[in-house]
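This report goes through a set of computed features of one structure.

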Amino acid sequence: MDYSGHWVVRVDVQDASQLEQLLAISPDIWSEHVGFGQPIEARIPPDRVEALNASGLPYTILIDDIQKWIDIEQAARLRRDATWFESYHTLAEIEAYLDDLVANFPTLISKYPIGQSVEGRTIYGLTITSPNGPASKPAISFSGLQHAREWISPATVTYIVDRLVSQYAINPDVTAMLDGLTFYVAPVMNPDGYVHTWNGQRLWRKNRRNNGDGTYGVDLNRNWDWSWCTAGASSSTGEETYCGPSPASEPETQALVDYILDRPDIVAHIDWHSYSQLVLRPFGHDYVDPSEPDYTIIYNIGQDMRDAIYATHAKSYTHEAAYDLYLAAGTCQDWVYGVAGVYSWTIELRPASSLQGGFVLPPEQIIPTGEESFAAVRELTDWALSLTRTTISLPNGAPSILVPLVAETIDVEIASVGESLVPGSATLHYRYDGGVWQSEPLTHISGSLYQATLSGATCDDEPAFYLSAEGSASGLTTDPAGAPASFYAAAVGEFIVSFADNFETDTGWTQENLGATSGDWQRGVPTNDPNWAYGPATDSDGSGQCWLTENENNPSYPTPYNTDVDNGAVRLTSPDFDMSGGGSIAYDYFLRLTDSDGSDRLLVEASSNGTAGPWVEVARHDTDGGLSWRSHVITQADLAAAGLIPSADMQLRFTANDSGTQSIVEAGIDAFSVTSVTCEVTTCVTVPGDMNGDSLLDGADIQGFVDTMTQSPYFSPCADMALPAGAPIDAADISTFVAALLALP
Ligand code: 0X9
Ligand code: ZN
C-alpha cells in the first residue's frame with residue numbers, strides 16, 4: 001500500500017455527532033483513546049480531504065505525507081550496517097552479508113550453489129526479482145571476481161545487489177527493474193583465488209589449480225570455449241594468462257557456463273573487472289565485430305552506460321571494442337556473446353591507472369564506484385525492459401546424422417521474454433527430398449521445452465528441417481535464423497570407424513628426415529627418460545605405443561633415452577585410408593615447445609591423391625601443450641575448406657619443425673582414427689517386412705511398418721513385401737505383411 005499524500009490530523013471532537021462525522025471520514029483512527037472533549041488523531045487519505053473540509057471539523061495537520069516517513073524508515077532499516085560498503089570484505093563476510101539480504105528480503109532474492117571451485121569451495125548464484133510483473137521477464141546476469149585481486153568487482157556487484165533489493169518498493173526505478181526483469185548474479189566466481197588474496201597474496205589473479213609442475217592457477221578469463229588460447233593467452237602453466245589444459249577445464253568456468261546456458265531468459269551479461277575504467281564490447285579474440293543488428297544495439301548500450309557512469313561522479317570510462325584494448329581469446333565476454341548469444345560487456349572499474357592504486361583501490365571509492373556502476377546497469381535495464389523476444393534453440397544440438405529408418409527426437413527450447421508465445425505456433429518444418437516443406441506442430445513437454453520428431457529416413461533421402469515459433473509482440477522467429485533459406489541438414493547413415501590405429505603394429509606409416517640433426521619419428525613405448533623433462537610419460541590411449549620424435553629404445557644404447565627435433569624438420573606420413581564416403585579424422589598429439597613464436601610447429605597436411613599429393617595444410621599446432629596430450633579432429637568441413645575432396649586414397653602427414661633459434665620441439669601422435677558415414681539398409685531385401693534390420697519378420701517390425709505406411713515422408717523399402725524390395729509400396733503390402741505375421745508359429 002502506498003501512503004503518498006495521506007495525512008494524519010488532530011481534531012478536537014466535542015460531541016457524539018462530531019465523533020460520528022470523523023469516523024465516517026477517516027478509515028483509520030490513530031489515537032488509542034477515543035472520546036469527547038479530547039483531541040483525536042486520525043489518518044485522512046487524499047480522497048477524503050474534501051469530505052473533511054466539508055464537515056467543518058477544526059483540524060491540524062500533523063503529517064502531510066505518511067509515505068515519506070515510511071520511506072525514511074525503510075531506508076534506515078535497510079542500511080543495517082552503514083559502514084559495510086566503506087571497506088572490503090572477506091569471502092565469509094560477503095557470503096554472510098548475502099545470507100542476511102536473503103533473510104531480510106526473502107521474496108526478492110535467493111542464494112544457491114552453482115558449482116564448486118578447484119579447492120572445493122561453493123560458488124554461489126543469486127536470483128533477484130520481484131513476485132510482481134509478467135511471467136516471462138528478460139534476465140540480466142553478472143559475473144564478479146574472475147580475477148582474484150580485483151576486489152572492487154565483488155564489492156560493486158554486492159553494492160548493486162544490495163541496492164536492488166533494499167530500494168524495491170521505495171525507489172520507483174528499482175521497483176520497475178525488479179518487476180520487469182530478473183537478475184542472475186555470481187558475485188564471486190573465483191572463491192579460491194579470492195581467499196588466497198586475503199591470505200597474503202594480495203595480487204594473485206588466477207584460480208588455484210595445482211598445475212602439477214610446481215605452478216598454480218589457470219586464468220579463468222582465458223579458459224572459456226571461444227577461440228580458446230589462440231591470442232593473448234599462454235599455454236605455459238606459470239604465466240598469468242595461462243589458458244588451462246583445455247577449454248572450460250576449470251570447474252569455476254564450467255559452473256558459469258552451465259549457469260548461463262541453463263537460463264535462456266538471459267539477454268545481457270556484464271563481467272566485472274578492474275581496473276582502467278573501460279566499457280568493453282565483444283569481440284576480444286580477434287579484430288571482428290558482432291554483425292548487425294546486434295552491433296548497433298551493443299554499441300549504443302555501451303555508449304549509454306559510459307555516459308551514465310560519467311553523469312554520476314564525472315568519471316571517464318572509455319567505451320571500445322575489447323580488441324582495441326588488446327587481443328585476448330577465451331574470455332567470458334566473447335563466450336557469452338559468441339556461444340550463448342547473449343549481449344555482453346566487460347566493465348573494468350576504477351581506478352583509471354596504476355598511479356591511483358591499480359588493483360588496490362582505496363575503500364572510500366567503493367560506494368562511488370557502486371553508484372556509477374548502478375547507473376550503468378540502470379541504462380542496460382532500460383533497454384532490457386522494453387525487449388520483446390522469442391528465441392528457439394536446440395539444447396542438445398541438431399542431429400547431423402539420422403540412423404536409417406529410425407525416428408529421431410530433437411529437444412527444442414523456446415523462450416519468450418517480455419511477451420508470450422502464441423499458442424500452437426511452435427512448428428517443425430521438414431523435407432527429405434529437396435521439395436516442398438512440410439510442417440507439423442512441436443510436442444510440448446514442459447515449461448519452455450518442446451520436442452520435434454523427424455521420422456525415419458532412407459539412404460537416398462536428404463533430410464532438412466527448421467523450426468519456427470511466433471512471439472505475441474515480436475512475430476515470427478525461426479531457427480536457424482533466415483529459414484527457410486537456411487536450414488539444418490542431416491546425412492542418413494551411421495558413423496563407422498573405417499580406420500583406427502593405436503600404433504601397436506606396423507600399419508605402414510613412414511618417417512622422413514628433412515634435414516634435422518635429430519628427432520626422427522619412432523614408434524614405441526615412450527621411454528619416459530628421467531634425464532629428459534620434455535617427453536610424455538606414457539602414450540595417450542593407454543595401448544602402450546605411439547609415434548614420438550626420437551624415442552630411442554635401441555638395446556645398443558646403455559639406457560633408453562629421448563630427445564627432440566633440432567635444426568630442421570621430420571615428417572611422419574600415414575598409409576592410404578578410404579574416405580570416399582566422407583567423414584572426419586581424429587588424433588591425439590603431444591607438442592612440447594619452449595619457443596612458441598609460431599615458427600616451431602607441428603604441421604598437418606592431407607592429400608586426397610595418396611603420396612603423390614598435392615598436400616594441403618589442414619591443421620597447424622604451434623602452442624606448447626606442456627606434458628599433456630591433446631586431441632584434434634579434422635572435420636569434413638575442414639577438409640572442404642582446404643579444398644580437398646575426400647577420396648578412397650587419402651593420406652595425412654605430420655611435420656615437426658625446429659627452425660630459427662635452437663629450442664625444444666618434442667612431438668608425438670597417437671590414437672589415430674578415421675570415421676566415415678555409411679548408409680546401408682539391405683536386410684529387408686532378403687526378409688521382406690524386416691523393418692528393424694534384425695533379419696526376422698516378427699512383432700517388433702509392426703511399429704516400423706505402420707510408421708512407414710502412415711508417416712510421410714517415412715518410407716522404407718523394407719515395407720515392400722514383394723521382392724525385390726524398393727518398388728512402390730501399396731495397400732497390397734499391408735495384407736501381405738499382416739498375413740505373414742499371422743502365419744508366424
Ligand atoms: O585481460 C583480461 O582478462 C581483462 N583485463 S584485466 O585487467 N581485468 O585482467 C580484460 C579482458 C578484455 N578482453 C580483451 N581485451 N580481449
Ligand atoms: Zn580482470
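E41 counts as partly exposed because its relative accessibility is 27%; buried means under 20% relative accessible area, exposed over 50%, and partly exposed in between (1.4 Å probe, protein chains only). The model is predicted, so local features need pLDDT of at least 70 and side-chain atom pairs count only at pLDDT 80 or more, while totals for chains, interfaces and linings use all residues. Residues are numbered from 1 along each chain as its sequence is written, chains are lettered from A and ligands numbered from 1 in the order in which they are written, and side-chain values use heavy atoms, with hydrogens and water left out.

**Salt bridges**

E41 pairs with R10 in a salt bridge, with 3.8 Å between the closest N and O atoms. E41 belongs to strand β3 (residues 38–44) and R10 to strand β1 (residues 7–13), so the pair ties together parts that are 31 residues apart in sequence. Helices (H or I, at least four residues) and strands (E, at least two) are DSSP runs, numbered from the N terminus. R10 is partly exposed, at 36% relative accessibility.

A salt bridge is defined here as a side-chain nitrogen of Lys or Arg within 4 Å of a carboxyl oxygen of Asp or Glu. The structure holds 16 of them.

| Pair | Closest N to O distance |
|---|---|
| E41 and R10 | 3.8 Å |
| R378 and D173 | 3.6 Å |

R378 is partly exposed at 24% relative accessibility, and D173 is partly exposed with a relative accessible area of 36%. Elsewhere, a network of salt bridges links E119, R121 and D192.

**Cavities**

Cavities are found on a 1 Å grid over the protein atoms alone, as sets of points where a 1.4 Å probe fits but cannot get out; lining residues have an atom within 4 Å of a point. Grid points are joined across faces, edges and corners, and a volume is the space filled by probe spheres set on the points. The count is two cavities of 30 Å³ or more. The largest cavity has a volume of about 80 Å³. Its lining includes W84, F85, Y88, H89, W151 and Y194. Helix α5 (residues 152–166) supplies the largest share of that lining, with three residues.

**Nonpolar surface patch**

I734, V738 and L742 make up a nonpolar patch on the surface, with about 290 Å² of accessible area together. Patches consist of residues with over 30% relative accessible area and no salt bridge; like charges are joined within 9 Å, and nonpolar side chains (Val, Leu, Ile, Met, Phe, Trp, Tyr) within 5 Å. Accessible areas come from the Shrake-Rupley method with a 1.4 Å probe, and for residues only the protein chains shown count as cover. I734 is located in helix α16 (residues 731–742) and is partly exposed at 38% relative accessibility.

**Backbone geometry**

Most residues other than glycine have a negative phi, and most peptide bonds are trans. The bond from D479 to P480 is cis, with omega near 0°, and P480 sits in the loop between β21 (475–479) and β22 (488–489). The bond from G613 to P614 is also cis, with omega near 5°; P614 is in the loop between β32 (601–607) and β33 (616–621).

S227 is not a glycine, yet has a positive phi of about 50°. S227 is in the loop between α7 (191–198) and α8 (251–261) and is partly exposed at 31% relative accessibility. A248, likewise not a glycine, has a positive phi of about 55°. The loop between α7 and α8 also contains A248, which is buried, with a relative accessible area of 16%.

Technical notes. On a 1 Å grid over the protein atoms alone, a cavity is a set of points where a 1.4 Å probe fits but cannot get out, and a pocket is an open set with protein on both sides within 12 Å along at least five of seven lines; lining residues have an atom within 4 Å of a point.
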